[in-house]
Amino acid sequence: MSDVISSSFVRRDLLAERPAPVKTTGFIGLMRTRLFNSPTNILLTILGALLLWFTIVPSVKFLMVDAIWSGRDRSACLVENAGFAVGACWPYIQAKLPQLIYGFYPEAERWRVNLTLLLAAVLLLPLLVPRLPAKSLNAGLFFAAFPVVAFFLLHGGGIKGFGLSWTAGLLQLFDESILGAGQALLSLSKTSAIAPLLWVVGSLVVLLGTAIQWLIFPLTWLRDYIQGTGQPVWADFAITAAIVCLIAFVLGGGVRTGGRALASSIGTFIATAIVIKLMDLDHGGLSIVATNLWGGLLVTLVVSVTGIVTSLPIGIALALGRRSTIPLIRIFSIAFIEFWRGVPLITVLFFATYMLPLFLPGNFTVDGLVRALIGIALFTGAYQAENVRGGLAAIPRGQSEAAAALGLSWWKTTSLIVLPQALRHVIPNLVNSFISLFKDTSLVSIVALFDLLGSLRASFSDPKWSTPSTAFTGFAFAGIIYFMFCFGMSRYSLFVEHRLNAHRRN
Amino acid sequence: MSDPIVKISGLNKWYGEFHVLRDIDLEVKKGERIVICGPSGSGKSTLIRCINALEEFQEGEIVVDGIELGPNLKHVDAVRREVGMVFQSFNLFPHLTVLDNCTLAPIWVRNIPKRDAEATAMKFLERVKIPHQANKFPGQMSGGQQQRVAIARALTMNPKVMLFDEPTSALDPEMVKEVLDTMVDLAEEGMTMLVVTHEMGFAREVANRVVFMDAGQIIEANTPNEFFAAPQHARTKLFLSQILR
Ligand SMILES: Nc1ncnc2c1ncn2[C@@H]1O[C@H](COP(=O)(O)OP(=O)(O)OP(=O)(O)O)[C@@H](O)[C@H]1O
Ligand SMILES: [Mg+2]
C-alpha cells in the first residue's frame, strides 16, 4: 500500500501559481489579445484612438480647462477680462438654473414643483428595484394616485363635487350633445330635399335624448341637492364612497369573500379623504398656476413621463386591436396607427394647439399643455403599437392554443401568457421609443410651451449674459441633462431585459 | 363503462375548399384508450383538435360528457374544462416556472386558492416524477421532462378526457420511453385517452381500440390484436408494412 502512495506520480506539495509565459491579463495582455492582434485591429485601434483624441480633448478643454466657474454677469466670461480663449461660462447656467428647471413658475410656489418631483422619486425608485416588496400597492400609488395629486400640486385649484357630481355632469354633457344633434337635424330638415327622412331621424334622436334626460334625472337631481348643502364635496364624497364600497363588496363575492375588496376600497377612500383635507381641495386648494407659466425641465418631465406612461397602454390596445378578428376593431386600429405614423409630430402638435380649438364646441376648452400631451401620447402610442405587434408576432400559436386548451379565456390568455412574453421580446424597441419621445418633447417649444430647450433658448436673449460662449454652454448643459436621462433609461432597460429573460438562459 | 363520454357524429370539416374531415363517427366510452394512427396529412391532429374546439367545423356534432359542441361552438368553455390536451411541441409557458405552469389554470380558471393549487400541482408533478424540478423554467429541462410537465399541467385541471397529439415525436429515443411510461401509468389509473401516435408498441400495450385514418376518413377501427394481425384495408396493410418494417 505505502509503495503506491509514495510513488513519484503523486505530488507531495501543491505547486505555486506561475504567471503565464505570454501576458494575457492586465493592460499589456489586453493590448496583445484585443487591440493589436491583427492588422485590421491595429488600424481600428489607431482610428479609435484618434477619434477619442479629437472629441474628448476639445470637450474637456471647453467644459473644464478653459471654463469660467464664477462671476456675476457676462463680463466674467469675456476674453478681455479672462485673458484667454474662454470655454464654458458656468456662472450663466448657475444664474439661469431656476428658469431652466421651473420656467416662469412663480418663485413663491416653486416648493410645489420640488414636492412633486420628490414624490415622484419616492414612488418611482422603489418601483424600479425588483427586490422591494408591495409592488402592486406601489404601482397603484404611482400610476393612479400620483398623477391626480401631482395635478393639484402643480396646477392648483380645488374640487366642487366628487364622483357623483362628475358622473352626473358627464352624463348630462353626453345627453346635451345628443339633444343638440337631434335639434340640428330637425332644423336642417326644414330646408333639405330629404326633409322627411331627416325629420324622422331628428325626432328619434331628440326622443332618445329626452328619454336619457329622464333616466338620469334622479342623478342630476341628487347632484343639485348636494350642491345646495353646506358641504357639497364631503356629502358627495360620502355618497360616492358608500356606493363604490357596496359595489366592490358585491363584486368581490359578498359576505363570503368580499371582505378584502371592501377593506381595500374603504382604505382607498380614507386615503383620498386625507389627501383632499391635506391639500384643502374642498376649499379651493392651492392657488392656480396656469400651465403657460410652467417651463423648463418641469415641462420636459411632465410631457415625457405622461407620454411614456400613457403611450404604452395605448400601443398595447392598438396592437391587440390590429390582430383582432372583429373587422371593425381591426380596421379602426390599422387606420389609427397608419394615420399617426404618417403625420410628423410637429404637424400633430400644430394641429392640437391651433386647429383643435376651432373644431371643439364653443364652451369646451382644453388646456394647451393637455392638448400637446394628448397629441404626443397618441403619436407615440401608434409607434408603440407597432413595436408591441412585433412582439406579439414572435409568440408561437401553440402558446395561445395551450392556454385555450386549459380553459383560459381570450383576456386571460392575452394578459397572462401572450403579452408578458411579447413585451419581453420588445423591451429594447419600447425603450427606444421612450428615449426618442423624451428627446422629441423639445418639439413642444414650437407651440409656445417652454420646455428645457425652450427655456434655454429664451435665456440666450438676456443681454446680461450674452457672450460668445453662452449658447455653447447652454446647449452643452442641455445635452448633458438629456444624455443623463436617456442613458439612465437605456441602462435600466438592459437591466430589466436581463432579469426578465432569466428563463432563456439555460 | 358503457355510456360514451365522447361522441362524434357526422363530423365534416373543410379548410377553404379542402375537405379535411369527412363524415367522422366515433364513440369513446369512459375509461377507453384509443390510439389514432394514419399517414401524414390524414387529419388526425385536426380530428382531436376539434374535440376541444381548437378547430371549428362546419357540419356534425361532438358531445363531450353530455355537453354538446355544434358548429357554432357554443359550449367551448364547458367542454375545455373537461378535456386536457398534450401537444407535440409541449407548448409550456416559457416565462413561468414549472410550478406556475401547473397552477396557472387552476388559479385563473377554477378560482382555486394559490396554496391549494400548488399542493395539487406538486402532487401531479410527483406523479410524473419531477417534483424536485418545480422551480425550474421549462427552457432548463430536457424534452422528455418538459413533456411530462405538460402532462401534469393538463392533469391539474382534473380532465375527464385526455387528448395527446403525437406526444413523443419531438423527442429523442431515450426520452420517448419516460413519456410513454407516464402515459401507461395514466391509462392504468383509468383515464379516458385519445392518443395520436406512431408508437405501435404503446398501441399494443395500452389501447382498447386502434383507429386508422386516411384522407380525412376513419377507414378502419379494431382491437389492437386484430388491427395488427389482420388488417382489413389495403391502405392499412401498406401503412403497417411501412411502419413496422
Ligand atoms: N390551417 C390549415 N389550413 C389549410 N389546410 C390545413 C391547415 N391545417 C392543416 N391543413 C391540412 O389538413 C390536412 C390534415 O392536417 P393534420 O394536421 O390534421 O394532419 P395529421 O394527420 O395530423 O398529419 P401529421 O401526421 O403530419 O401530423 C393536411 O393535408 C394539412 O395540409
Ligand atoms: Mg398532426
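Predicted model: local features only at pLDDT ≥ 70, side-chain atom pairs only at ≥ 80, totals over all residues.
Biologist: Why is the pair of Phe483(A) and Phe487(A) called stacked?

Modeller: The angle between the planes is 15 degrees. The centres are 5.2 Å apart, and the pairing limit is 6.5 Å. In total, 27 aromatic pairs are counted over all chains.

Biologist: What separates Phe483(A) and Phe487(A) along helix α22 of chain A?

Modeller: About one helical turn, because they are four residues apart in that helix, residues 470-500. In general, residues three or four places apart in an α-helix point the same way, because there are 3.6 residues a turn.

Biologist: What makes Phe483(A) exposed and Phe487(A) partly exposed?

Modeller: Phe483(A) has 52% relative accessibility. Exposed means over 50%, so the label holds. Phe487(A) has 42%. That value falls between the 20% and 50% cut-offs, so Phe487(A) is partly exposed.

Biologist: Why is the pair of Phe212(B) and Phe227(B) called tilted?

Modeller: Their planes are 40 degrees apart. Stacked needs under 30 and edge-to-face needs over 60, so tilted is what remains. The centres are 6.4 Å apart, within the 6.5 Å limit.

Biologist: How do you know that this pair links distant parts of the chain?

Modeller: Phe212(B) is in strand β9, residues 209-214 of chain B, and Phe227(B) is in helix α8, residues 224-229 of chain B. They are 15 residues apart. Both count as buried, because Phe212(B) has a relative accessible area of 0% and Phe227(B) has 0% relative accessibility.

Biologist: What makes Lys123(B) a charge over the ring of Phe124(B)?

Modeller: Its charged end is 5.1 Å from the ring centre. Arg153(B) lies over the face of Phe93(B), at 4.5 Å from the ring centre.

Biologist: How do you know that the length of helix α4 of chain B agrees with its residue count?

Modeller: The helix has 14 residues, 114-127, and should span 20 Å at 1.5 Å a residue. Its end C-alpha atoms are 20 Å apart, so the two agree. Just after α4(B), Lys129(B) has a positive phi of about 65 degrees.

Biologist: Why are the buried residues of α4(B) said to be on the same side?

Modeller: The buried residues are Ala117(B), Ala121(B), Phe124(B) and Leu125(B). They cover an arc of only 100 degrees around the axis, so they lie on the same side of α4(B). The buried residues of α4(B) pack against α3 (98-108) and α5 (143-155) of chain B.

Biologist: What makes Thr156(B) buried?

Modeller: Its relative accessible area is 6%. Buried means under 20%, so Thr156(B) qualifies. Thr156(B) lies in the loop between α5 and β7 (161-165) of chain B. Neighbours within four places aside, Thr156(B) contacts Cys102(B), Pro106(B), Ala121(B) and Phe124(B).

Biologist: Why is Leu179(A) called buried?

Modeller: Its relative accessible area is 15%. The cut-off is 20%, and buried means under that, so the label stands. Leu179(A) is in helix α8, residues 163-188 of chain A.

Biologist: Which residues does Leu179(A) contact, leaving aside its neighbours within four places in sequence?

Modeller: Val206(A), Gly209(A), Thr210(A) and Gln213(A). The C-alpha atoms of Leu179(A) and Thr210(A) are separated by 7.4 Å, though the residues are 31 apart along the chain.

Technical notes. Residues numbered from 1 in each chain as written. Chains lettered and ligands numbered in written order. Heavy atoms only, no water. Phe/Tyr/Trp six-rings, centres within 6.5 Å; stacked < 30°, edge-to-face > 60°. Helix = DSSP H or I, 4+ residues; strand = E, 2+ residues; numbered from the N terminus. Buried < 20%, exposed > 50% of the residue type's maximum accessible area, 1.4 Å probe, protein only. Lys NZ or Arg CZ within 6 Å of the ring centre and 35° of its normal. Expected span 1.5 Å × (residues − 1). Arc of directions from axis to C-beta. Contact = heavy atoms within 4.5 Å.
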